[in-house]
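Dear colleague,

I am handing over the structure below, together with an account of what was found in it. Please read the text with the coordinates open beside you.

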Amino acid sequence: MSSRKRNSEIDEVTVGRKLMTLESSGLDEPGKESVHEVIKYGASSLPAKHYDPDTTEPIGSGLQDLDELLSWNLSMANPFNVAKVPLANREPPLASTPRRTLVSHDMMGGYLEDRFLQGAESEAPYVFYHWQYIDVFNYFSHNMVTIPPAVWTNAAHKHGVIVLGTFITEWTDGGKMCEVFLKEEESYRAVADRLFQISHYYGFDGWLINIENTLSETAVKNTPRFLRYLTDQMHERLPGSMVLWYDSVLENGQLNWQNQLNKSNSVFFSACDGIFTNYNWTEQSLEDMKAFSGAEGRMADIFVGVDVFARGEVVGGKLETNKALELIRKHDFSTAIFAPGWVYESIPDKASFRQEQDKFWSLLADFLYIHRYSSPLPFVSSFCQGFGTNVYWRGKVRTADGSWFNLDAQQLQPLYYRDTLEGEGWLRTRGCPEDAWNGGSSLVVEGVIPSTLTKVCARIFSLQVPLSTRTFVSLIYKPSPGVTVSLELKTADANLCTLTASSVQPAVLGEEHQLVRQFSQSCGQWNPDGWTVRCSQLELQGCALRDVCVSVQRDGGHLDTSFKCRVGEIMILDAESLSIPLLSVEAVRVSDVVWLREGDKLLLNATLTWEYPAQLVRHFLVHWRRLRGPDPRIPPSSLTLVARSYAPLFRVTELEVPEAPGLLELVVQPVSREGFYVPESQWGRQSLSYSEERMG
């Protein structure tokens, strides 16, 4: 991604540090061995809207008013908030899902830790990881235009979930804005065009339109035309996109929530992809909607709203939200679950959040539908939920700087549930940050094998993934005493396979097998240190993988047997991919350099960009090293890890470097989706020299 000129300025930091800018010497020219910078004091040109004024760290934000929306263009865009993950395939696809589930994320005004687009320090952040249950994710705030932080879009897209931003007008100011942009065709088309351009640039999939103020006769007449034009533009240029209308204004312009679709608001429903109803409905409301002629053939497009906070006269809510879903599904409607972050906000001890969230979603599970990830191989997950107390790599703590939060690090999420078995038996899957193979957490499979059974099987993924003729499978886990752990895979249709059964266990390979040697060579040197690495092979013809299960079998005896197995990573690859060479990083560039002086420390801040297919990597490692400092007798330093990046774009912030004059090197190391290291000769490098401005 090319860098863009910044037009705004951040405020100068006046307490304890000096802010400096640099005279550029061809920073944006790729292929140069080195660039040189002269430190000069002055204000930075980085816009405060997109960069933290203290650290220049990239941040996400919305747009506040109509003027800001209509003046938006690419020169004002935030490249760090562009989603890099394409929408994954899933079964059934959204268009074929008869009863859909939308989650509207409304938490404490929005743009909290998630506004930090490269991650944040957070002891107990809010995270969402039950993606398999939902179809649509809406990021909601009371900014006029809510642009979802890219970390949410990336996490949702990874699981095949589409993402909607929010366009809202409310109160007196909202009414004035509506009268301006809905006064004529030219004005409402200008707003719709900007909304399309924003969603297209930032990589999300549509809009929730929420007009919560009265409208004049002219404005309300133009509202369906605005919706139709926006919807048509989105569909034509972003296939699979969605525009939803929130149940608020009536066809006569009055603000009067109906809590259902009826003849007073159907004109808006007919002009877009669906309606998100208000929350104060009754079962009679659902029956009326089902009988309403305007709903015929579009039941899936009616998202019946459920306020998890249970404000007003509502059915269910809080830990009785399942009661609302039961009625909604009884009448064959879709649902919009508003503010499930209630779980987080309502508990004083945030450390118990994941346990409470798992409980909340387990109560809803009977009325939700598991969607199957269906993108092609490789299929890889280390179960990271996007946060942790440490960052692990191959079972060891790579960085121990404290608790962190970054949804870009979230891996494909398994099924989390608790099953009761016969007798005293039970089975549970849960995420756990106390130990991990890669990232911030692992999957714990635990329970009791009852005396009447010899094994239990935990289904952890439901998929529709085509398998290659020869498939390589890697399972990394920490076993539990007294049991044997293995993978059990279920194929889509047994009569298409060379095997007669739909449930198969891959053949375990020895250390000397060619595939295992190739795998080990690609991974490089590592020491599992308590982890078991099991490699196996599956040979099938014309099969698709449906389920991935962890089988836990009692080693002997007939008594109830407790177990706790920690699964670190599952990898399912086309065996031929183990011999495909990895690519090199190209065109490393440095731009937007800002220096900070904090006491006696000189701190470098700079944007680093490079070229590498993002779909081929798990992450990039950004390193730096000193090549030369003021004292030429001091030898170059070794590489020091700066951070992980999940896109070919990274903002280095507050990096302490030697005093000028100096020469340093920034290095980009790709790590493949499979976790394979790229040879050092293929890393990207850019050196940067710098000196103080000469006075006089």
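How many salt bridges does the structure hold? The structure holds 27 salt bridges, a salt bridge being a side-chain nitrogen of Lys or Arg within 4 Å of a carboxyl oxygen of Asp or Glu. Before the details, please note that this is a predicted model, in which local features need pLDDT of at least 70 and side-chain atom pairs count only at pLDDT 80 or more, while totals for chains, interfaces and linings use all residues. Residues are numbered from 1 along each chain as its sequence is written, and side-chain values use heavy atoms, with hydrogens and water left out.

Salt bridges

One of the salt bridges joins Asp332 to Lys290, with the closest N and O atoms 3.3 Å apart. This pair links distant parts of the chain, since Asp332 is in the loop between helix 8 (321-330) and strand 13 (334-338), whereas Lys290 is in helix 7 (residues 283-291), 42 residues apart; helices (H or I, at least four residues) and strands (E, at least two) are DSSP runs, numbered from the N terminus. Asp332 is partly exposed, with a relative accessible area of 31%, and Lys290 is partly exposed at 38%, where buried means under 20% relative accessible area, exposed over 50% and partly exposed in between (1.4 Å probe, protein chains only).

A salt bridge also connects the side chains of Glu611 and Arg589, at 3.7 Å from N to O. Glu611 belongs to strand 33 (residues 601-611) and Arg589 to strand 32 (residues 586-598), so this pair ties together parts that are 22 residues apart in sequence. Glu611 is partly exposed, at 40% relative accessibility, whereas Arg589 is buried, with a relative accessible area of 18%.

Strand 32 also contributes Arg597, which forms a salt bridge with Glu659 in which the closest N and O atoms are 2.6 Å apart. Because Glu659 sits in the loop between strand 36 (649-657) and strand 37 (662-672), this pair ties together parts that are 62 residues apart in sequence. Arg597 is buried, at a relative accessible area of 16%, while Glu659 counts as partly exposed at 30%. Separately, Arg625, Glu665, Glu680 and Arg685 are linked in a network of salt bridges.

Strand 32 and strand 33 run antiparallel and are joined by 9 bridges, and two strands are taken to pair if DSSP finds at least two bridges between them. Within this pairing, the bridge partner of Ser591 is Thr607 in strand 33. The two strands form a hairpin with 2 residues between them, and Gly599 in the turn has a positive phi of about 65 degrees. Strand 33 is also joined to strand 36 by 7 bridges, again antiparallel, and Leu602 stands opposite Val657 in strand 36.

Elsewhere, 3 strands form an open sheet in the order 18-17-22, with antiparallel pairing. Its edge strands are strand 18 (396-399) and strand 22 (438-439), each of which pairs on one side only. Strand 17 (residues 391-393) pairs with strand 18 over 3 bridges, and the bridge partner of Val391 is Thr399 in strand 18.

Aromatic pairs

A search of the whole structure finds 37 aromatic pairs, where rings of Phe, Tyr and Trp (its six-membered ring) pair if their centres lie within 6.5 Å, and planes under 30 degrees apart count as stacked, over 60 as edge-to-face and the rest as tilted. Among them, the rings of Tyr246 and Phe276 have centres 5.3 Å apart and planes at 70 degrees, so this pair is edge-to-face. Tyr246 lies in strand 10 (residues 242-246) and Phe276 in strand 11 (residues 274-276), so the pair ties together parts 30 residues apart in sequence. Tyr246 is buried at 5% relative accessibility, and Phe276 is buried at 1%. One aromatic cluster has among its members Tyr126, Trp131, Phe353 and Trp361.

With regards
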